[in-house]
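Here are my notes for your reading of the model. Please keep the structure open beside them and find each residue as it is named.

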Amino acid sequence: MILFEFVSFELLRVVWWLLLGVLLIAFAMTDGFDMGTGALLPFVARTDVERRVVINTVGPVWEGNQVWFILGGGSIFAAWPPLYAVSFSGFYLAMFTILAALILRPVGFKYRSKRDDPRWRTAWDWALFAGGAVPALIFGVAVGNVLQGVPFRLTDDLMPIYEGTFYGKFLGLLNPFALLAGIVSFSMLLMHGAAWLALKTEGDIARRARTYGTAAGAVAIGGFALAGLWLAFGVEGYRLVNPAITDGPSNPLYSEVARDTSWLAAYSTRPWIVIAPILGFVGMTMALLKLRGAGEVSALLWSKLGILGVISSVGLTMFPFILPSSIDPRSSLTVWDSSSSHMTLFVMLVVTAIFLPLILAYTAWVYKVLWGKVTEDDVTSNSNNVY
Amino acid sequence: MEIGVVELSRLQFAMTAMYHFLFVPLTLGLSVIVAIMETVYVMTDRPIWRQMTKFWGTLFGINFVLGVATGITMEFQFGMNWSYYSHYVGDIFGAPLAIEGLMAFFLEATFVGLFFFGWDKLTKLQHMVVAWLVAVGSNFSALWILIANGWMQNPVGAAFNPETMRMEMTSFAEVLFNPVAQAKFVHTVSAGYVTAAVFVLGVSAWYLLKGRHIELARRSIAVAASFGLASALSVVVLGDESGYTAGESQKMKIAALEAMWETEPAPASFTLFGIPDQEARETKYAIHIPWVMGLIGTRSLTEEIPGIGQLEEENAEKIRNGLIAYDALLTLRQERDQTPQDVRDRFEAHSDDLGHALLLKRYVDDPRDATDEQIAQAAADTVPRVWPLFWAFRIMVGLGFTFIGVMTYFFYRANFKQMRFPRPALWLAVCIIPTPWIAAEMGWIVAEFGRQPWTVDGILPTALSVSHLSVADVLITLIGFMLFYSVLFVVEIGLMLKYIRKGPVEDVEETDAWTSRHIQRLSTSGEDPAALAAPAPQPAE
């Protein structure tokens with residue numbers, strides 16, 4: 001197949017870097033409100049029927065939303081194999097914790113209302129809480145660690161090696177900056193879940209959701225600003241020493257990397273990227289205001305814009321780095337040296353170009369069919385089919 | 001054997017994958033059976049078929065959710081526990097996994113919600129389409145994961161790139177149309193259909209034995225027996241196809257599961273029974289059927305199937321060839337563009353055997369320092385443990401033929417004996433419910449245990465594929481998964497039994513009214529009403 005050479009390796013790498021962002025953002029925008037809703041569940045809904053209403057707002061859609069996460073994993077494997085290899089094994093116990101929490105979710109949704117025992121139901125309510133809150137927190141913690149560099153190096157065989165004891169690796173993740181990043185992602189998704197509930201429920205639940213959502217939004221905005229300041233003064237950035245070879249073989253060891261700059265230097269070399277944090281602040285602030293007011297669809301949309309801004313801030317600030325190494329900067333993974341081969345990137349782009357629009361189309365149709373508020377009556381009158 | 005990260009990682013992968021595959025086959029088959037039932041409902045407008053769709057749909061849902069939940073682990077475990085594998089073959093292996101997400105997971109996961117929540121929101125026809133989309137999505141996902149797995153068994157369409165120290169794709173079409181993958185796909189999907197057919201048959205038989213939900217049970221048996229018979233035939237025929245394609249690509253696996261210690265003159269005989277003795281390299285108490293193995297493995301009477309001893313010698317030779325490639329690789333990596341042409345040529349000539357040199361990494365850091373004994377040891381490592389394969393294969397095949405027998409019998413009784421089923425036959429149907437799961441797990445043992453010591457056959461040894469983790473890391477997650485999965489298993493089985501005991505609970509009045517009218521109509525039109533009423537056996541209590 002010679003066809004793939006029509007699209008340059010360099011362009012394909014940038015496109016796949018963008019697609020990686022698209023998948024992560026789509027995941028946060030859709031499954032983000034499922035996680036936020038789960039984390040809010042025990043607090044915005046007090047009675048059993050209220051809790052069923054909350055669960056059933058996401059009941060028909062969480063499963064499709066979660067696929068953004070699975071697809072994110074699959075696409076990293078296909079397009080960025082070194083990133084897949086280094087990150088998931090480096091964050092081993094953190095990943096296990098995320099998986100355990102995410103496994104609780106499907107089971108909790110499906111099984112909670114299949115028995116009448118109140119203890120059974122309460123137990124699953126807290127499982128759903130964990131299934132939402134734990135990943136929302138850890139994803140942010142992981143991003144916080146990536147910005148500071150992760151303790152790995154690559155051998156000459158390109159085998160990833162990590163430093164530190166196993167508990168050190170796990171507890172070392174919980175450093176102050178990473179925890180701040182965790183708080184940002186957690187509160188951001190909490191606000192997103194609240195915006196979803198404000199749209200899909202009415203009465204007490206919606207009112208409580210707005211209260212929690214407003215508070216979470218304020219924390220997210222403050223945390224995002226603080227993280228920006230911290231990044232400016234307290235975290236070292238990385239840079240490529242020599243001009244990047246953008247179409248060379250994917251071998252991270254071929255490039256020289258220095259750790260003597262600030263991540264925010266990117267804003268002087270590429271000033272236009274300031275649009276990303278601005279979108280983050282504007283989106284979250286407007287979402288907060290709409291939650292305080294009476295906005296329904298608008299609160300959710302602004303919240304999505306805020307998520308877009310926050311996540312793309314991280315990506316654009318770090319470009320071309322995707323996973324810097326704290327102990328051996330040369331091993332750092334960048335867009336130019338840790339992708340799949342030219343052919344694989346091309347084949348996967350063709351497949352994505354065919355299926356992604358289809359996915360968006362039928363997902364939109366499903367949301368349209370399910371449009372409208374979920375009421376207590378919906379749950380009680382259709383008890384066998386809903387959660 | 002010393003228990004290290006490699007052994008624990010293998011144990012964890014085997015456990016989580018086999019656990020995942022407790023739910024997958026039923027999802028594959030039941031999604032199709034439910035869609036068939038709903039299609040009958042849409043075509044005939046008979047409420048009993050809607051009741052059946054909803055009832056089996058509920059059981060499908062309880063099972064589906066654990067398939068999804070345990071599937072999350074699978075998607076990330078390659079990176080977590082097998083990071084060198086992920087780096088080394090991600091360029092090829094990652095693609096089908098990502099396509100699986102794009103093409104299959106989104107389809108099934110997006111529409112499965114609508115299947116349960118959409119009964120009042122969709123037209124009948126729309127809802128039926130949704131049911132089919134769930135079934136198609138599930139089955140597509142099996143296609144892509146088996147293309148990925150098929151590549152591990154028969155790595156086509158890829159070449160090693162010394163600059164990136166990994167395998168890279170040279171032909172997507174070859175990966176896609178890998179004959180091993182195609183045979184595996186149809187074999188696995190058919191196995192899923194058989195599983196669901198046996199499940200529906202068994203549960204329905206139990207209702208007939210208890211005298212409950214007679215109309216639902218009889219129609220369900222009719223669907224399950226026809227669907228099951230076709231699938232059981234397909235699973236055996238395609239299993240044979242798998243054997244044939246494996247014979248082409250994985251000679252050692254075939255030799256091991258046949259306990260063929262030495263090459264036999266063609267056509268080789270099939271060992272029906274025996275006790276393989278790995279130490280002595282002989283099979284005790286063997287009962288042979290002449291010719292059969294030669295026919296399965298080569299589809300000829302003259303071609304030889306190589307035995308274990310011969311293959312081991314060939315592998316020792318490949319290791320020595322691989323060392324030449326390894327030596328050239330180190331120069332290539334050092335000199336890059338300046339590498340002399342003769343080194344390049346040497347690498348090209350022997351790069352197919354590079355993986356065999358990597359087998360030595362277990363014993364020496366630099367394979368080029370290996371002694372003759374270590375080479376012999378590495379060649380001996382290419383012989384998998386024979387007895388688990390030998391027996392897993394025989395249990396699987398024996399059960400496969402049993403399913404053909406059972407399904408034929410029920411198909412015959414359902415279609416030609418007015419649905420009259422003797423009670424012992426019904427009890428048999430109940431008792432064999434767990435067996436398709438056993439057959440499926442045995443199949444995976446044959447496929448994956450038989451691939452050892454490789455993760456990718458001839459390319460990357462298992463011992464080299466793992467992540468740089470501590471024993472404590474893997475022990476924590478292994479125990480964590482075991483405890484967590486055990487709890488989920490108990491919860492799942494409990495709910496399954498609860499909803500089976502409960503039976504169909506929806507649209508009961510409407511369905512019962514229609515059923516009695518229907519029986520009435522049949523009896524006045526001259527048909528034998530007993531044909532419908534009689535087979536209802538007395539409740540056992």
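Predicted model: local features only at pLDDT ≥ 70, side-chain atom pairs only at ≥ 80, totals over all residues.

1. Every value below was computed from it.

2. Start with the division of chain B. Domain 1 is made of three pieces, 5–158, 179–253 and 383–511. Domain 2 covers 264–274 and 282–305, and domain 3 runs over 308–381. Between the C-alpha centres of domain 2 of chain B and domain 3 of chain B there are 33 Å.

3. Next, look at where the chains meet. On the chain B side 63 residues take part, and they are in contact with 65 residues of chain A. The elements of chain B that give two or more residues to this side are α2 (47–81), α3, β2 (166–169) and α18 (471–502). The largest share, 24 residues, comes from α3(B). By type, the chain B side divides into 36 nonpolar, 19 polar and eight charged residues.

4. In chain A, consider helix α5 (residues 92–111) and helix α6 (residues 118–148). Two packed helices are described by the angle and the distance between their axes. Here the axes come within 8 Å and cross at roughly 150°. The crossing of α5(A) past α6(A) is left-handed. Residues of α5(A) in this contact include A:Ala94, A:Ile98, A:Leu102 and A:Arg105. On α6(A), A:Trp124, A:Ala127, A:Val134 and A:Ile138 are among the residues they meet. The residues of this contact divide into 14 nonpolar, three polar and one charged.

5. Which residues touch the most other members of the largest nonpolar core? They are A:Ala194, A:Ala195, B:Ile33, B:Trp56, B:Ala197 and B:Leu201, in a core of 296 residues. Helix α3 (residues 83–117) of chain B gives the largest share of this core, 23 residues.

6. Leaving aside neighbours within four places in sequence, B:Ile33 is in contact with B:Trp56, B:Ala196, B:Val200, B:Val223 and B:Phe227.

7. Last, take A:Arg239, which lies in strand β3 (residues 237–240) of chain A. Is A:Arg239 buried or partly exposed? A residue needs 20 or more C-beta neighbours within 10 Å to be buried. A:Arg239 has 18 inside 10 Å, so A:Arg239 counts as partly exposed. Not counting residues up to four places away in sequence, A:Arg239 touches A:Ala258 and A:Thr261. The C-alpha atom of A:Arg239 is separated by 43 Å from that of A:Ala127, 112 residues apart along the chain. A:Ala127 is one of the α6(A) residues in the helix contact of point 4.

Conventions: Residues numbered from 1 in each chain as written. Chains lettered and ligands numbered in written order. Core = buried A, V, L, I, M, F, W, Y, C linked by C-beta atoms within 7 Å. Buried ≥ 20, exposed ≤ 12 C-beta atoms within 10 Å, placed from the backbone. Helix = DSSP H or I, 4+ residues; strand = E, 2+ residues; numbered from the N terminus. Contact = placed C-beta atoms within 7 Å. Axes fitted to C-alpha atoms, helices over the stretch in contact; angles between N-to-C directions. Left-handed = near helix turned anticlockwise from the far one by under 90°. Nonpolar A, V, L, I, M, F, W, Y, C, P; charged D, E, K, R; others polar. Domains from an automatic or database assignment.
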